[in-house]
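This report describes the arrangement of chains, domains, strands and selected residues in the model shown below.

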Amino acid sequence: MIALEQIAGDLAERANAAGATAADVIVREADEFSTTLRMGKIENLKEAASKALGLRVLLGIRSASSFSSDFSEQSLGRLVERTVAMAKVTSEDPASGLPEQSQLGCYAGDLELFSSDVESLSTADRIQLARRAEEAALGADPRIQNSEGAGFEASQGTVAYANSLGFAGSYRSSYCGLSVSPIAQQDGGMQRDYWYSVARRAAGLETPEAVGRKAAQRALRKLGARKVSTCQVPVVFDPETARSLLGHIFEAVRGDAIYRSASFLTGKLHQKIANENVTILDDGLRSGGFGSRPFDGEGIASSITQVIEKGALQNYLLNCYTARKLGLQTTGNASRGIAGPPGVGPKNFYMPAGPSSPEEILHSVVNGFYVTELIGFGVNTVTGDYSRGAAGMWIDRGELAYPVEEVTIAGNLAEMLNHIEVVGSDLEFRSVLAAPTLLITGLTVAGT
Amino acid sequence: MVNVKRFFFDRYGLTESGLSRYLEAALSEGGDYADLYFEHTTTSSILLDESLVKSATEGISMGCGIRVLAGEQTGYGYTDDLAPERILKAARIAARIASGPAHVSSVGLSTIANTHDFYPVASPATERELSEKLELVWRADRAARAHDSRIKQVRVTFGDQIRHVLIAGSDGRVVTDFQPLTRLGVFTIAQDGSKLQSGTSGGGGRVGLEFFQGEHSPEHFAGEAARQAIVQLEALEAPAGEMEVVLGPGWPGILLHEAVGHGLEADFNRKGISAFSGRIGQRVASELCTVVDDGTIPGRRGSLNVDDEGEPTQKTVLIENGILRGYLEDKLSAGILKTTRTGNGRRESYEHIPMPRMTNTYMLAGTDDPADILRSVKRGLYAVSFGGGQVDITNGKFVFSASEAYMIEDGKVAAPVKGATLIGDGPTVLTRVTAVGNDLKLDPGIGTCGKDGQSVPVGVGIPTIKVSRLTVGGTSLGRLQSFQ
């Protein structure tokens, strides 16, 4: 770990020696494992280790960046030279630059991002987990005779960041995931669905049997799906599809969309933009969270940001650049891949659980659509216009009546936020985005 | 011609005997076949935003991926360090997919020259001065802003790369390729009062900077992005429900990519999980439809001299006059299905296992005049530009999202409508094609396809076509009230 911080710090210093007025460096090292099985036989087995670094240099208020997986002395020398030369031809941008020294910091507590039980799980055990998940799915019902396969993946790695202001930090993290995609068949029709479990600790995974059975149920309930007539009805989003809405809201509150007026939430800070029962937080400190980290991609200590509080937009999500553009303070949302300057990324961006169980929500709907799957990209962050392919179950007098496919749901995100009528109690963290079941009115379902 | 073999041998100390040794190590546990995929990719990108060159980035990604096939199983390892001991380690990891004594003891190699060069770029963009590329993005910025005073934001990106590839297989074949790729993108925002709308356009391919002139000039793409945003300012609610749909030529070919292309990839079919499984020889489209996948079109974004398994690309007929003829094959699937490879084994990088993927997928031109096709529609949707799409290959349901569309009323193109997703059923949508235009056009060269987490550049194309019934996912329930 310290070795990576050293590499990052040395390279930043080297850039300064080559003429940069400031520089920062990110270094990533990771071990990756994945396997897929299908019908009980191993399909793929993959394992590798990799590392890469990214450099950003500043010449006053000009900047450029570069990346490489070649850490040799000669290669790094060339990298610094070329990056400094590139910075000379970019524009002067008063908003560019590293954070202020006083802003730099690192969360001191343990975020439980790393667990050694992932690494210590043997290859045979990993394969066995995927095998058990697929067996559970295939054994769930005679209508499941085929499968697209089951997979297990694991990774652990280290991220180090250093800049020419003297900040250097690093952290380790681990990850593992189990998934299975069974195929259900009936009367010549075929449906596929999947289920999965992900965790930072191997001990945190759901049992393969639970994952397999859930995947089977999801595929089976799609059998015999049909189109419905075009109509406007209440739509219930399950947590998986509700999470995708959180993704669209994140795209609309990120600072780079705001300063470019490329979001329907531009200019809406401190205004009411959603129903009163809507609160959204971006929490960088959640124990074991997939978006947790001690500091962001610019060396800003992680924190919790209130994004929407009881329907009012309280904060945009910002890195240093977008904060300067908007005359605000960074919220520690600098995301940093290997290539390019810092972007804006979510921490753990989520909607806290509400009062109603998912069953209560479904029972409250007389005639509506329970959406369990969304496909396509028909979301426009600039206007908020929303139109996506959907599948799920029809709700008739509070009960799930029959499966539905080949329909779209459409509306506008600004209106949808105001029409989140009920927030479910079933919040689970399965990625950097999370939301419970939601009931939204005013959407158009297009079918026949 | 660039000597890619020399490039790897001189820079990274590779030798023929070294390659043989790595392949032998890969087969040391009894695998049937092994290959090495050496890749060195230089990437460069520029972002112009708010009339400022905000970022310039360049980088190198290189490594070697080693694959071992044992029956239907694949073992894979990769390394980003080309030191011999690291490659050998990756080879031994990949080898473990098999378990038994080696049945190949030595691998002799011979280099196979490519029969074609579909992208003979004399001076790749990645090797040109940054200032030349900056000139292109500045021209786009100026042109977009000059198009209309309501254009308030312009973002222009220019990205290019050169990929050197050397593939060595345990069948003794060594194949190399030099793959340039270039892309200019323009994104605009128009504002009129409180109304905001966006537009996007762009172009590129396996081409050099000389491509960006005439109908591919920065001014052309910038004008398109600006025009789209301005048109959208006046857009009405899109209709909701089934109706007749006319697709314009070019980009709308994404229909083929989603509706049939993915479903015809051989991996899904050998597993029996595609809506097209077992349907070769059957009618899946109206007899007006012939659909091909063609990796050999010079300079196109989806073209390749050889696929990422070293197999020459080709033009593959998928649907001929409405009858399903074949699948897109990689080495593994062709072996299992006992068919021939079609040069569609592709991968995102050395870190990834190859699988069947599309190259450039398009429908051949028909005989109808596009104007007649529009005139034949009483009421419907005319969609001319699209964003992304997606498909569930098992039930065949697919979507693609229109970013520029108009109502058709009494045979005439009427008011523009807001973007909307169209949804249909892959195995039946083409049976409803009732007219095919004589105006085949390929997309401008900015498409990227994702599958199992791997992205690869692709192309699509289509002439103007009419689909008698497709569900349009707008918000407007009123059948005729959306345009008065």
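Two strands are taken to pair if DSSP finds at least two bridges between them. By that criterion, strand β14 (residues 360–363) of chain B and strand β23 (residues 459–462) of chain B form a parallel pair with 3 bridges. Within this pair, B:Thr361 has B:Val460 in β23(B) as its bridge partner. The model is a predicted one.

Strands β14 and β23 of chain B belong to an open sheet of 6 strands with mixed pairing, in the order β11-β10-β9-β14-β23-β20. Its edges are formed by β11 (323–324) and β20 (441–442) of chain B, each of which pairs on one side only.

In chain A, strand β17 (residues 399–412) pairs with strand β16 (residues 385–396) in the antiparallel sense, and β17(A) is also joined in an antiparallel manner to strand β20 (residues 438–446) of chain A. The table sets out the bridges of several strand pairs.

| Strand pair | Sense | Bridges |
|---|---|---|
| β16(A) and β17(A) | antiparallel | 11 bridges |
| β17(A) and β20(A) | antiparallel | 3 bridges |
| β3(A) and β2(B) | parallel | 4 bridges |
| β14(B) and β23(B) | parallel | 3 bridges |

Individual bridge partners can be named for these pairs.

**Contact between the chains**

The interface brings 60 residues of chain A into contact with 64 residues of chain B. On the chain B side, strand β2 (residues 52–70) provides the largest share, 12 residues. That side is made up of 23 nonpolar, 29 polar and 12 charged residues. Strand pairing also links the two chains: strand β3 (residues 62–68) of chain A runs parallel to β2(B), and A:Ser68 stands opposite B:Ile60.

**Domains**

Chain A is assigned domain 1 (2–220), domain 2 (231–244 + 353–446) and domain 3 (264–350). The C-alpha centres of domain 1 and domain 2 of chain A are 30 Å apart.

Chain B is assigned domain 1 (4–233) and domain 2 (240–473), and the C-alpha centres of these domains of chain B are separated by 23 Å. Contact between them involves 36 residues of domain 1 of chain B and 25 residues of domain 2 of chain B. Elements that each supply at least two residues to the domain 1 side include β1, β2, β5 and α5 (218–233) of chain B. The domain 1 side comprises 12 nonpolar, 15 polar and 9 charged residues.

**Buried residues**

In soluble globular proteins, nonpolar side chains tend to be buried together. The largest nonpolar core of this model contains 270 residues, and B:Ala26 and B:Ile66 have the most contacts inside it. Strand β2 (residues 41–59) of chain A contributes most to this core, with 9 residues.

Where do the buried residues of helix α2 (residues 16–26) of chain B lie around its axis? B:Leu19, B:Tyr22, B:Leu23, B:Ala25 and B:Ala26 are buried in this helix. They lie on the same side of α2(B), because they cover an arc of only 160 degrees around the axis. Their cover includes β1 (33–49), β2, α3 (84–95) and β5 (151–169) of chain B. Beyond its sequence neighbours, B:Ile66 touches residues including B:Tyr22, B:Ala26, B:Leu36, B:Tyr78 and B:Ala94.

**Partly exposed and exposed residues**

B:Arg163 is located in strand β5 of chain B. This residue counts as partly exposed because it has 19 C-beta neighbours inside 10 Å, and a residue is buried only if 20 or more lie within that distance. Aside from residues within four places in sequence, B:Arg163 is in contact with B:Glu39, B:Thr41 and B:Gln179.

Most residues other than glycine have a negative phi. A:Lys310, in the loop between β10 (304–309) and β11 (312–313) of chain A, has a positive phi near 45 degrees. A:Lys310 is exposed, since 12 other C-beta atoms lie within 10 Å. B:Lys338, in the loop between α8 (331–337) and β12 (345–346) of chain B, likewise has a positive phi, of about 55 degrees. B:Lys338 is exposed, with 6 other C-beta atoms within 10 Å.

How values were computed. Residues are numbered from 1 along each chain as its sequence is written. Chains are lettered from A and ligands numbered from 1 in the order in which they are written. This is a predicted model: local features need pLDDT of at least 70, side-chain atom pairs count only at pLDDT 80 or more; totals for chains, interfaces and linings use all residues. Two residues are in contact if their C-beta atoms, placed from the backbone, lie within 7 Å. Ala, Val, Leu, Ile, Met, Phe, Trp, Tyr, Cys and Pro count as nonpolar, Asp, Glu, Lys and Arg as charged, and the others, Gly among them, as polar. Domain bounds come from an automatic or database domain assignment. The arc is that of the directions from the helix axis to the C-beta atoms. A nonpolar core is a set of buried Ala, Val, Leu, Ile, Met, Phe, Trp, Tyr and Cys residues joined through C-beta atoms within 7 Å.
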